Amino acid sequence: MTRAELASFQDRKFARFVRDQVAPNVEYYRRNARSRAIDLDAVESIADWQRLGLPLVTKAEYRRHTQEFVASPVASRSGAGADGSTGTLPGGAIPPSVNVSPLDTRPVLVGTAPVNGDSAYRYFFEVFTAFHTGGSTGEPTAVHLTRFDCDLYDIAGSREVAIAALHLWRRNMPCRAANLYPFAIHKGWWTFNNGVEKVADFSLRSAAGGAIATERLARHLLQSQVNLMFATPSFLRNRLLPVLTQASRDTGISVPPVVVCCLGGEPILPSLRADVEDSFHAIGAETVIQLNTYGSTEGRFGCFSECAPGTGYHGWGSDLSTVRLIDFRSSTDWEFVEEGGEGYIAVFPLDGSGSVLPGFVTGDRAVSAAGPCEHCGSSVDRLLSIGRVQDVASQLRVMGTVESKVKGTTVNLTDLRATLLDMRGVREVQVVIDKSDPSDLSSLDVLKLRVAISDDVEPADLIQNVASTCKSATEVTPHVEVMELGALLGEGVKFRTIDDRRAGRTRL
């Protein structure tokens, strides 16, 4: 499939998706279309989203109207039976998935079983589970999934895992995989877990983030001869590899001769790549292949990864969900960027149910590739670089809130600060993100909370309460520093409430 053929397919499938799913079943877009006198059935391509004046969706807007984005057919408008057991079901002549890559990735899930009547309604529309994102108040934002969505996730996730496994299969080696993302109800862990279960020759059913002690995990990896790992860069480099190195020395067991690492969730710097490669070489690896990955919870089936180091982020689910780059001024004042240009990432789903989010702006900037990949020949959506907007003003304009990745966990810094300011005895809070070693950009992230307190509270007690509140809400343990209010506010004209001091973070 050429790039032009895929783009045509995406336009036709998006038009059908808007007609069959968005227009009849998703209240947010129905309400917006009514208020603007827009006929959603007039959407014939992704470009029509702008031409017709349909809005983009910021993260703050999604949080305010989360339930309105859930596809929910109403019997009176969808032709359902009197009992409401069926609604407008996704369907039509366009298949749920196509072969978007010329690479042989072994047979993976390419469709879903036919269902009818009550079971069809349950399969397509009943919310079965949810991923969560941006939590900092104990109530993170949910992105809902139906059983149909779970099957589509399996398609995209299986492809992403299979692309990485090709580096082993082509060397006549089995794929022995381990998912080392923190176990949580977010996209990263579950996408790779389900993909590994369907594709790998062997799966070490594992997780990081405290599910098992790192020392025991390292020994399991050695004993199982795992050669494909999915992890966040900081965990792999700063936590796992030192322990894995010691375990290899203690047991005399080397890692396999070829090791493939799929890394995501954080920036991957050259110094980190070098450290990872040197560490694996020291314990027996002859070849170390590190692949960048990218995804967002709201982006759903948009699973991106490199086919080989330095080839750009390939969208292996480009027949299920696509992205376009935009020049964003506001949710109603924007335009598409030509292929090959730079802009903010906007998501346009082509399939699915649950939380349906056409026009969602992720808050990341990227450069798109023009033409197929020179390495693998794929014409899928491809991004050459991706980076989260770092300055607070831009984040507020594009997303309506301020978020950052800390140790691989998305933390909503705006909500975290508001939660802490509601605590008794807290007068002001500055949220600071830094590196444990500022001279080493690959060192661990550190979340610091600089707090000014009132005179009627005991500093030691408040420090403990602030740390506990932050940990329970964000899963990140902070360093808490108590300061005089005047010293915290400083002498500048404007107090910086959120201060991300990590350098070199404009590109992943």
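With that, I place Thr214 in helix H9, residues 214-223. I keep in mind that this is a predicted model.

Entry 1, Thr214. Is Thr214 buried or exposed? It counts as buried, because its relative accessibility is 11% and the cut-off for buried is under 20%. I listed what Thr214 touches, leaving out residues up to four places away in sequence: Phe235, Arg239, Leu240 and Val243. Val243 sits 29 residues from Thr214 along the chain, and I get 7.2 Å between their C-alpha atoms.

How do H9 and helix H10 (residues 233-251) pack? I find an angle of about 65 degrees, with the axes 9 Å apart. The crossing is right-handed. On the H9 side the contact includes Thr214, Leu217, Ala218 and Leu221, and on the H10 side Phe235, Leu240, Val243 and Leu244 are among the residues. Sorting the contact residues, I get 9 nonpolar, 3 polar and 4 charged.

The largest nonpolar core has 45 residues, and Phe14, Tyr29, Trp49 and Ile326 touch the most other members. Helix H1 (3-25), helix H7 (147-169) and strand S10 (321-330) are among the elements that each supply at least two residues of this core. Another core, of 30 residues, lies apart from it, and includes Ala162, Tyr181, Ile289 and Cys376.

Skipping residues up to four places away in sequence, I see Trp49 touching Phe14, Tyr29, Trp334 and Phe348, among others.

Methods
Residues numbered from 1 in each chain as written. Predicted model: local features only at pLDDT ≥ 70, side-chain atom pairs only at ≥ 80, totals over all residues. Heavy atoms only, no water. Core = buried A, V, L, I, M, F, W, Y, C linked by side-chain atoms within 4.5 Å. Buried < 20%, exposed > 50% of the residue type's maximum accessible area, 1.4 Å probe, protein only. Helix = DSSP H or I, 4+ residues; strand = E, 2+ residues; numbered from the N terminus. Contact = heavy atoms within 4.5 Å. Axes fitted to C-alpha atoms, helices over the stretch in contact; angles between N-to-C directions. Left-handed = near helix turned anticlockwise from the far one by under 90°. Nonpolar A, V, L, I, M, F, W, Y, C, P; charged D, E, K, R; others polar.
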